[in-house]
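Visitor: Hi! Could you walk me through this one?
Guide: Happy to. Let's have a look together.

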Amino acid sequence: MTPLPSTAFSTPVLVATGLQKSYGPRQALKSVSMSLYPGQFVALLGPNGAGKSTLVQLLSGLFVPDKGDLSVLGFDIRRDAPKALAGLGVVFQQSSLDLDLSIRANLLFHTDLHGIARKTALQRIQAGLEQHGLQEQAGTAVRALSGGNRRKVELLRALLHQPRFLLMDEATVGLDPASRQDLMRSVEALARAGEVAVLWATHLVDEVAHADRVLVLIQGEIAFDGLPSELIAQSGGLGLEQAFLQLCQGPRAAKPVA
Ligand SMILES: Nc1ncnc2c1ncn2[C@@H]1O[C@H](COP(=O)(O)OP(=O)(O)OP(=O)(O)O)[C@@H](O)[C@H]1O
């Protein structure tokens with residue numbers, strides 16, 4: 001008997017069906033359907049303007065979809081947004097740290113917003129700072145940090161309320177190769193430990209190689225949904241970059257959405 005995939009027994013952290021979003025006449029998402037399960041690291045790969053950030057903004061409740069259904073952690077984002085968002089951590093493409101506040105003050109602002117008791121908050125912050133080697137800089141203004149350390153603070157902040165679903169939108173933009181790898185490894189490790197499900201939005205092909213699944217978003221539509229190895233196979237074995245370029249150039253040889 002063929003064994004069922006592990007996802008067959010778990011509740012999805014995300015179910016999106018037929019999502020559409022336009023900005024005036026510009027249709028950013030045409031009809032996006034996808035699902036994601038606990039412990040998965042799923043890459044959302046798309047060229048500039050594909051609609052990745054728009055999708056992240058819908059998933060994080062910043063906008064509502066024009067059409068379609070969206071459930072995050074089992075809650076309908078239209079009806080139960082606060083409950084859905086309580087279990088969601090987000091690192092946005094544009095930094096949202098207060099540059100004039102210290103690392104600690106930025107993090108405490110976040111824990112206060114989530115109603116986390118001060119003692120627990122300080123313990124979690126200390127543990128996170130130590131994990132990222134930032135404990136000596138806790139009182140330093142964010143403005144004085146390197147780009148890599150700012151991103152570490154944003155990741156740390158996104159995890160303070162212990163989310164079950166982590167959204168990363170172009171989180172490595174502006175980082176040098178070592179910092180980029182560092183950040184990716186920390187997030188992959190969280191998913192591998194089963195602590196969070198991760199949706200990693202990127203336009204960088206090499207960031208999707210280790211993902212459990214790759215979704216390729218092109219002009220507001222999912223053009224591929226499958227394993228990295230299946231994406232490579234689709235290019236006749238030429239590699240991820242070539243496969244991605246072929247999809248970007250169309251015509252869509254879309255694999256059915258899972
Ligand atoms: N606030 C806005 N007003 C008008 N058009 C917008 C707005 N935000 C995004 N768009 C348009 O929607 C489309 C999708 O943009 P989006 O930022 O979601 O793509 P993306 O894949 O995240 O791109 P990038 O990798 O360049 O950040 C683009 O054509 C963009 O110009």
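Visitor: Let's start with β4: which residue there is the bridge partner of L14?
Guide: V72 is the bridge partner of L14 in β4. Do keep in mind that this is a predicted model.

Visitor: Which way do β1 and β4 run, and how many bridges join them?
Guide: They run antiparallel, with five bridges joining β1 to β4, the strand of residues 67-72.

Visitor: What about β1 and β2, how do they pair?
Guide: That pairing is antiparallel too, over seven bridges, between residues 14-23 of β1 and residues 26-36 of β2. Y23 has R26 in β2 as its bridge partner. Two residues sit between the strands of this hairpin, and G24 takes a positive phi near 55° there.

Visitor: Switching topic: what is the strand order in the open sheet of six strands?
Guide: The order is β6-β7-β8-β3-β9-β10, and the pairing is mixed.

Visitor: Which strands stand at the edges?
Guide: β6 (88-91) and β10 (221-226) do; each has a single partner strand, so one side of each lacks a neighbour in the sheet.

Visitor: And by how much are neighbouring strands turned against each other?
Guide: By 15° on average, with direction ignored.

Visitor: Back to β6: is its pairing with β7 parallel or antiparallel?
Guide: Parallel, with four bridges joining β6 to β7, which covers residues 165-169. Within that pair, L88 has F165 of β7 as its bridge partner.

Visitor: Which strands does α5 lie across?
Guide: α5 lies across β6 and β7, and runs at about 165° to β6.

Visitor: And α6, which strands does that helix lie across?
Guide: α6 lies across β3 (41-45), β7 and β8 (197-202), running at about 150° to β8.

Visitor: How do α5 and α6 pack, then, and at what angle?
Guide: α5 (residues 147-159) and α6 (residues 177-192) pack at about 15°, with axes 10 Å apart. The two helices are therefore roughly parallel to each other. The crossing of α5 past α6 is right-handed.

Visitor: Which residues make that contact?
Guide: From α5 there are G148, R151 and L155, and from α6 there are S179, L183, S186 and V187. Sorted by class, this contact has three nonpolar, three polar and one charged residues.

Visitor: Last one: what pLDDT does the protein average?
Guide: The average is 90, and 93% of the residues score at least 70. For the complex, the predictor gives an ipTM of 0.97 and a pTM of 0.90. Where pLDDT is low, the predicted coordinates should not be read in detail.

Notes. Residues are numbered from 1 along each chain as its sequence is written. This is a predicted model: local features need pLDDT of at least 70, side-chain atom pairs count only at pLDDT 80 or more; totals for chains, interfaces and linings use all residues. Axes are lines fitted to C-alpha atoms, for helices over the stretch in contact, and angles run from 0 to 180 degrees between N-to-C directions. Angles under 35 degrees count as roughly parallel, over 145 as roughly antiparallel, 65 to 115 as roughly perpendicular and the rest as oblique. A crossing is left-handed if the near helix is turned anticlockwise from the far one by less than a right angle, and right-handed if clockwise. Two residues are in contact if their C-beta atoms, placed from the backbone, lie within 7 Å. Ala, Val, Leu, Ile, Met, Phe, Trp, Tyr, Cys and Pro count as nonpolar, Asp, Glu, Lys and Arg as charged, and the others, Gly among them, as polar. pLDDT is the predictor's confidence in each residue, from 0 to 100. Two strands pair if DSSP finds at least two bridges between them.
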